Amino acid sequence: MRYQRPKGTADILPGESERWAYVENVARRVFAKYRFDEIRTPMFESFDVFSRTSGETSDVVTKEMYDFMDKGDRHLSLRPEGTAGVVRAFVENKLYGPDVPKPVKVYYMGPMFRYERPQSGRMREFHQIGVEAFGSNEPAIDVETIAMGMDLLTQLGIENVRLAVNTLGDQETRETFRQALIDYLEPHFDELSEDSKLRLHKNPLRVLDSKDETDQKIVADAPSILDYLTDEAKAHFDQVKALLDALDIDYVVDATMVRGLDYYNHTIFEFMVNNKALGHGYTTICAGGRYNGLVEELGGPDMAGVGFALGVERLLLLMAASNVEFPAAHHLEAYVVGIGEGTDAATLKVVSKLRSQDVVADRDYLNRKPKAQFKTADKFNARYTLTIGQTELENKTINVKDMASGNEVTVPVESVEKDFNAVLETL
RNA sequence: GCGGUAUUGGUGAAGUUUGGUUAACACACCGGAUUGUGGUUCCGGCACGCGUGGGUUCGAGUCCCACAUACCGCCCCA
């Protein structure tokens, strides 16, 4: 127990890693249907990329960043989320240019880092699968993104998903609503929780999201952002809802839903599930929204964007808790047993020849006794056990046994090496 | 960052209340009964050690302190 992994990190071991690969493969398949292509960006970026985009006062930036100075005195940070890096790459590589068809649709999957207190489904190194679509301000792309998220969750076997949507409106909406909210909350200042007192002026929208009971009572009568939307913002949101209806996608409008990152505006959405594996009540497993202005913030043109991200650790917890069936990994078809001196080369060759016929084959590598080898074949659930001993070696034959039926046949070793399936038909 | 609970072999763990010789039991693994055939059974083996470091004591897995890690709640969030 000399060394242990850093706090909040995890080793994904064989068995578990197969589940990860499955989830990633399903995601790739779903995204491909919608013509999203993969983008891979660095795991660390200039600190400013995140601080500029997430908001200087956001919790992610003020206390959760894994930032450091490198040997060249550059202020870097491990990425706490995926969007900022993708936007930076989008701008730096001029994907906004006229020769790249719009919208530009990309997805990513990989580790993210946040310095916080680990808990189940909350790691310091965690993994997200996310998508971004740039260059369209049409509500249709918001809805396509939402539909794709729903499609993905469905493909993964997640049931009873609740889609919550809201809008943060545009700049003007946010300013007028923010003031209205402050005007409403200030008379209740003394009743608010300590956290919310701090949030009132820093980020009043967050008070709406408070879990404190007293806060919630106060917030219940607070003004709704939906009443402060500009005509343009309202039109956008109305069209999003209309298109969701057109696709028969169920949703609830949650006017109190907000975002921890500052770059969001207009449509925001969350996919939530009520599963005790993730805590009490509804928990978000996938969240996203529109972020017009972010491309410009990082030095690009005024270009719209919308995307979502889902947490893989949480997703896997949820899938395990919902008894989602994962496809079985590789089955062992043939286990080759060697008995006695001189069979090493012969068994290795058979294994090799079987593999070249695309048969999943294995043998013993611990020089163990026949009994142990047969036990191993059984434990690995081998469909067939092939045996080479002194007799077979002399006669250039091999014994093939069907483990389920117990049927055996001895055939020339060459026939197995040439066409294993033909031999199986004689069993 | 704050509060709480926990940490004993490869695994699940008993033992901590009442500090006292060999750390229970089970699973897994390895070997044997059966030196070329598995899933059953029986027999045997398997922690110089109780998260790490200090302390109290004649004596600490059991008490005290610090630290580390995990889990739960808060904050926040995927």
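User: What kind of base atom in RNA strand B lies 3.5 Å from a polar side-chain atom of Asn 399?
Analyst: An oxygen: Asn 399 has a polar side-chain atom 3.5 Å from a base oxygen of RNA strand B. That's a polar contact, meaning a pair of N or O atoms within 3.5 Å. Bear in mind that this is a predicted model, where local features need pLDDT of at least 70, side-chain atom pairs count only at pLDDT 80 or more and totals for chains, interfaces and linings use all residues, and side-chain values use heavy atoms, leaving out hydrogens and water.

User: And the phosphates, which side chains sit by those?
Analyst: Gln 119 is one, with a side-chain N or O atom 3.1 Å from a phosphate oxygen of RNA strand B. Lys 7 is another, at 3.4 Å from a phosphate oxygen.

User: Which elements give two or more residues to that surface?
Analyst: The helices are α3 (59-63), α7 (194-202), α13 (370-379) and α14 (390-395), and the strands are β6 (125-134), β10 (282-290) and β15 (397-402). Those are DSSP runs numbered from the N terminus, helices being H or I of at least four residues and strands E of at least two.

User: Which one gives the most?
Analyst: α13, with 5 residues.

User: How many residues are around the RNA, and which come nearest?
Analyst: There are 43 around RNA strand B, and Ser 120, Arg 122, Arg 199, Arg 206 and Gly 260 come nearest. Being near takes a heavy atom within 4 Å.

User: On the RNA side, what share is sugar or phosphate?
Analyst: 49% of the RNA strand B atoms within 4 Å of the protein, with the rest in bases.

User: Switching topic: what order do the strands of the open sheet take?
Analyst: There are 8 of them, in the order β1-β5-β6-β11-β10-β9-β7-β8, with mixed pairing. Strands pair if DSSP finds at least two bridges between them. β1 (37-38) and β8 (252-253) are at the edges with a single partner strand each, so each has one side without a neighbour in the sheet.

User: How does β1 join β5?
Analyst: Through 2 bridges, and the two run parallel; β5 covers residues 104-113. Asp 37 stands opposite Val 106 in β5.

User: How is chain A divided?
Analyst: Into domain 1 (16-170 + 230-321) and domain 2 (334-425), with C-alpha centres 51 Å apart. The bounds come from an automatic or database domain assignment. Residues are numbered from 1 along each chain as its sequence is written, while chains are lettered from A and ligands numbered from 1 in the order in which they are written.

Terms used
Polar contact = N/O pair within 3.5 Å; in protein donor to acceptor, adjacent residues only side chain to side chain.
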